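Work through the exercises below with the structure open. Try each task before reading its solution.

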Amino acid sequence: MEITKTNRDGAIILSVAGRIDTATAPALEQAINKEIESGNRKILLNFSAVTYISSGGLRVLLATAKKLKNPGDKYALCSLAAEVNKILKLAGFTSIFSIYPSEGDALAGW
Amino acid sequence: MPGGNAPLISLSWQPVPGAPGARIYPLIRKIDTTSSNSYLIQTDDVILLIDPGGLAEQSAQLALLIEEIREERDRPVFVFLTHAHIDHFLGTQFIPMFAYPEVAVFAVQEAGAAALECGDGKLTQADLLGQKISPVRIALHLISDVRSGYSAVPISLAFSNGATITITRGQTRGGLAEERIEFGTGPSLEVYHTPGHSPDSICLRMGGLLFIGDVLFAANPGIAGICGWDQCALIRSLDGIEVLIADGGIDFVLPGHGRVITAYDAGLMFTAIRADALALENIAELNHERAIETAAFAEDCMEQVNELFTIMAGRLYYVSYVMEELGEEDVAAEVNRLIKGDVIDELLEAFRSFADEHHKRSGVSIHLALKAGQVIFKLERSFNGAELSHIIDPALARRAARLLSDYTTMLRGFCPPRELAECDLVRHLESLVTGLSIPSCSDDDLLSSDDEDSTFTRLLLRRIGMQPLLSDVEFSFTAAEKHIVATVDQDDLTDLITYILEDLVGTGSDAITLKLNRDNKDAIITLRGTGATASDAMKKGGGFLMRLCDRTGGTLSCSTDGNGRQYSIRIGGLI
């Protein structure tokens, strides 16, 4: 799994590539926590290159939602592959945070 | 109860209990299908190697050890195989010492000897495990028909390794054909014919040690049903071995794979194996083709199981999250404990890594099938479907349990049960989609629940956890006629339609239509999702859905256009 960080329109975009599984989920959590601890409260996860997410990965997404729920905080996912979108949808996560088709849609939605 | 002797230690010389002057060097391996344990014994008269193993390095290690003890005192060497499966002998084919009968004489039961002498890939399981074997010369045929008419008459035999032995034929109290082999004045070796796992399986006894080959695994999935396996013979052999142990004098039982066990523990295990074996009537032969088919099903099955478990775990995390938001931290923690997400993730990951490696190295199908069996055995113990069904959609847990059970059934050599029956497709589909559209716990249920906290919490958990699959999409169901009756497996049909609807909803359909039509003698069920994005469902799980549709009693096709995706199920033979 690879994580690339960019800054756009005042938001931190973490673009994740590869599998989010038992081995890699902690690295994603660390990368997100590092941003939150640095004071970044607008975080967009671009999952366009995520091929798989395990239950450990889902837990990281929820843990982030808990940390970014203050007024003014922004947290969303974008560009999900069909299979990853299916897991999030059927697990009920789409009612906790927003999922956008693209980075542009997400940032426009904020 | 077990005897008072100390347990045997691997890779160390120690006395053989009940056999003065004999010493044993056990080489105990972690259980796998590649190589067996090996046991090296030396007496003043002879060196006996029982099961040299499937790996060249293991046989080489043993050959070196034999050279060392022959330097101390030169003695003839005999190699006994508890049966002629390649994991018990293949390693010797790479080591020169074992190629010359002047050095090492191979001793195998007659049926196994015949298979080895002609390089038979079936009985030795070389074909199943994708290996090639060279013919092996077997100078000593054990429990031979030639000697069957000479009960209790000692027969002397001389061998090119310089040994002269005496063999006396007999029968145990439990009905096993027996041969006592004397190598000189030292302890003798008893050989018992115990077919079942294979026709040539034997147990060997020296003093208080009983070497049993693979009888402990003979009723296991992925082993029962291999070429030469015989259920009736196995049960008779188990009965015979139990009598042998009950008669006393045996301290330890030394299996072909895994740790040495006490005779007492072995007795308990034999009782369980006998019960397992009794249930294995009419299982299919586990040959190369069946191994390929089982491995393919294993991968399809694990793909679906992975998705179902991730969704179930995700649902529980979601419920837990909402409960935490509501200030119910204790309930949230309790919900989280209902599924061992980490354990499940690790098991699924272990299978994926194994499968990746298997494909990279063009591995043997039966290994992949057995790995899936091992993972599924552990997965079945990682969740409690009944408990989960109080909070999340019971169909998720039910489908996961069915998949796991179907795979185990197939690995055991049976066909997963299929119950074809007359079914009114209109009513069946109506009932199914109603269940997927209406919350199992309505607002009214919640508001009218009694004041007791636990009842309210239970209903609230259900309300949060069981979001109907079709609640957020525009859905319609139309049937061309009031009743369309066909012969199908109703549970499989329910699962198939649910999997397809999940795929359409999960990939973003905003409208789904379900249509049931008649086409001459066929029923056509069409599911169309408008707005569904491209899905890997047919690429990744296509084999699985096709197979499930076939079990249902129909055929499946899928097409995609610019507006969405459509699945068609054709069910023949309308009533």
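## Exercise 1: Two domains of chain B

In this predicted model, 24 Å separate the centres of domain 2 of chain B and domain 3 of chain B, taken over C-alpha atoms.

**Task.** Find the bounds of the domains of chain B, then describe the side of domain 2 of chain B that touches domain 3 of chain B.

**Solution.** 

1. Start with the bounds. The domain assignment of chain B gives domain 1 as 14–278, domain 2 as 287–417 and domain 3 as 418–438 + 469–575.
2. Count the contacting residues. Domain 2 of chain B contributes eight residues, in contact with nine residues of domain 3 of chain B.
3. Assign the domain 2 side to helices. H5 and helix H10 (394–411) of chain B each supply at least two of its residues.
4. Sort by residue class. The domain 2 side that touches domain 3 of chain B holds four nonpolar residues, one polar and three charged.

## Exercise 2: Where the chains meet

**Task.** Which helices of chain B supply at least two residues each to the side that touches chain A, and how do the residues of that side divide by class?

**Solution.** 

1. Take the contact totals. On chain B, 27 residues are in contact with 19 residues of chain A.
2. Locate the helices. Helix H5 (288–325), helix H7 (341–360) and helix H14 (490–506) of chain B each supply at least two residues of the side that touches chain A.
3. Pick out the main contributor. H5(B) brings the largest share of that side, 10 residues.
4. Check the composition. The side of chain B that touches chain A divides into nine nonpolar, nine polar and nine charged residues.

## Exercise 3: An open sheet in chain B

**Task.** Trace the strand order of the seven-stranded open sheet in chain B, and say why one side of S1 and of S7 is left without a neighbour.

**Solution.** 

1. Read the order. The seven strands of this open sheet in chain B run S1-S2-S3-S4-S5-S6-S7, with mixed pairing.
2. Go to the edges. Strand S1 (14–15) and strand S7 (140–142) of chain B each have a single partner strand, so one side of each lacks a neighbour in the sheet.
3. Zoom in on one pair. Strand S3 (residues 38–42) and strand S4 (residues 47–50) of chain B run antiparallel and are joined by four bridges.
4. Find a residue pair. Gln42(B) stands opposite Ile47(B) in S4(B).
5. Helix H2 (residues 110–117) of chain B lies across strand S6 (104–109) and S7 of chain B, at about 120 degrees to S6(B).

## Exercise 4: The overall build of each chain

**Solution.** 

1. Count the elements of chain A. There are four helices and five strands.
2. The C-alpha trace of chain A covers about 30 × 25 × 20 Å along its principal axes.
3. Note burial. Buried residues make up 41% of the 110 residues in chain A; in chain B, 47% of the 575 residues count as buried.

Note on methods
Residues are numbered from 1 along each chain as its sequence is written. Chains are lettered from A and ligands numbered from 1 in the order in which they are written. This is a predicted model: local features need pLDDT of at least 70, side-chain atom pairs count only at pLDDT 80 or more; totals for chains, interfaces and linings use all residues. A residue is buried if 20 or more other C-beta atoms lie within 10 Å of its own, exposed if 12 or fewer, and partly exposed in between; C-beta atoms are placed from the backbone. Two residues are in contact if their C-beta atoms, placed from the backbone, lie within 7 Å. Ala, Val, Leu, Ile, Met, Phe, Trp, Tyr, Cys and Pro count as nonpolar, Asp, Glu, Lys and Arg as charged, and the others, Gly among them, as polar. Domain bounds come from an automatic or database domain assignment. Two strands pair if DSSP finds at least two bridges between them. Axes are lines fitted to C-alpha atoms, for helices over the stretch in contact, and angles run from 0 to 180 degrees between N-to-C directions.
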